[in-house]
Amino acid sequence: DLNAKGIDAVPSLVPLVLLKQQPDGTRRPVITLDGVETLPHGGISNRVTVYCNEEGEWVVYESDEHGFHNPKGIWSDSVDIVALGDSFTQGGCVPSDKNFVSVIRERYPKTLNLGMAGQGPLNTLATLRDYVEPLKPKIVLWFFYEGNDIGDLLYERQSTLLMRYLEGNFSQSLGGRQAEIDRALATYIEKEK
């Protein structure tokens with residue numbers, strides 16, 4: 001509906017959907033950057049993003065510079081607090097100004113939300129390595145939901161790419177590659193349509 005009105009909207013992406021099961025039982029990313037399998041942790045940047053609807057109204061937000069659910073420009077300043085986790089952290093089906101990370105941001109304006117639906121512990125670790133460590137925030141809040149994060153971990157363990165995050169300081173270094181990520185994700189969305 002938004003696209004029909006001339007609004008260039010995209011769906012919110014669940015990173016685990018970007019892992020395709022292989023015949024040997026492993027899961028490999030469907031996205032490649034420069035021929036290298038890559039698993040983005042956020043969505044398409046700077047786009048109207050349609051997230052979810054549980055109570056009759058769609059949660060729609062404009063994604064930030066790295067495809068997460070934050071106000072524009074938050075990446076340009078130093079960051080005090082980073083919140084990591086799954087849909088609860090992203091703000092699942094709650095208006096953008098009412099999700100709990102936004103409430104924290106009211107008191108601590110330099111709070112960054114890197115939550116994404118479907119992120120389990122390995123994907124959260126990957127987000128920490130790729131985006132949080134370079135920022136060196138004062139506080140990292142890692143939200144864990146025992147209702148599904150253990151199941152997500154079992155799924156994530158099938159990804160050799162995600163398992164590499166348990167080795168030393170492995171990183172995909174995604175922070176400076178957003179334009180490439182955006183193109184790859186846009187291609188993926190068009191193909192899935």
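## Parallel sheet

Two strands are taken as paired when DSSP finds at least two bridges between them. On that basis, this predicted model contains an open sheet of 3 strands, ordered β9-β8-β10, in which the pairing is parallel. From one strand to the next, the twist averages 15°.

Strand β8 (residues 81–84) runs parallel to β9 and is joined to it by 3 bridges. Within this pairing, Val 82 has Leu 112 of β9 as its bridge partner.

## Helices on the sheet

Helix α2 (residues 100–107) packs on the sheet and touches β8, β9 and β10. The direction of helix α2 makes about 165° with that of β9. Helix α3 (residues 121–132) lies across β8 and β10, and runs at about 160° to β10.

## The β6–β7 hairpin

Strand β6 (residues 48–52) pairs with β7 in the antiparallel sense, over 4 bridges. The bridge partner of Val 48 in β7 is Glu 62. In this hairpin, 6 residues lie between the strands, and Gly 56 takes a positive phi near 100°.

Side chains alternate along strand β7 (residues 59–62).

## Aromatic pairs

The structure holds 6 aromatic pairs. In one of them, the ring centres of Phe 68 and Tyr 131 are 5.5 Å apart and the planes stand at 85°, so the pair is edge-to-face. Because Phe 68 lies in the loop between β7 and β8 and Tyr 131 in helix α3, the pair ties together parts that are 63 residues apart in sequence. Phe 68 counts as buried because its relative accessibility is 0%; Tyr 131, with a relative accessible area of 3%, is also buried. Ring pairs link Phe 68, Tyr 131 and Trp 75 into a cluster.

Phe 88 and Tyr 145 also form an edge-to-face pair, with 5.0 Å centre to centre and 75° between the planes. Phe 88 belongs to helix α1 (residues 87–90) and Tyr 145 to the loop between β10 and α4 (149–156), so this pair ties together parts that are 57 residues apart in sequence. Phe 88 counts as partly exposed, at 48% relative accessibility, and Tyr 145 counts as partly exposed at 36%.

How values were computed:
Residues are numbered from 1 along each chain as its sequence is written. This is a predicted model: local features need pLDDT of at least 70, side-chain atom pairs count only at pLDDT 80 or more; totals for chains, interfaces and linings use all residues. Side-chain values use heavy atoms; hydrogens and water are left out. Helices (H or I, at least four residues) and strands (E, at least two) are DSSP runs, numbered from the N terminus. Axes are lines fitted to C-alpha atoms, for helices over the stretch in contact, and angles run from 0 to 180 degrees between N-to-C directions. Contact means heavy atoms within 4.5 Å. Buried means under 20% relative accessible area, exposed over 50%, partly exposed in between (1.4 Å probe, protein chains only). Rings of Phe, Tyr and Trp (its six-membered ring) pair if their centres lie within 6.5 Å; planes under 30 degrees apart count as stacked, over 60 as edge-to-face and the rest as tilted.
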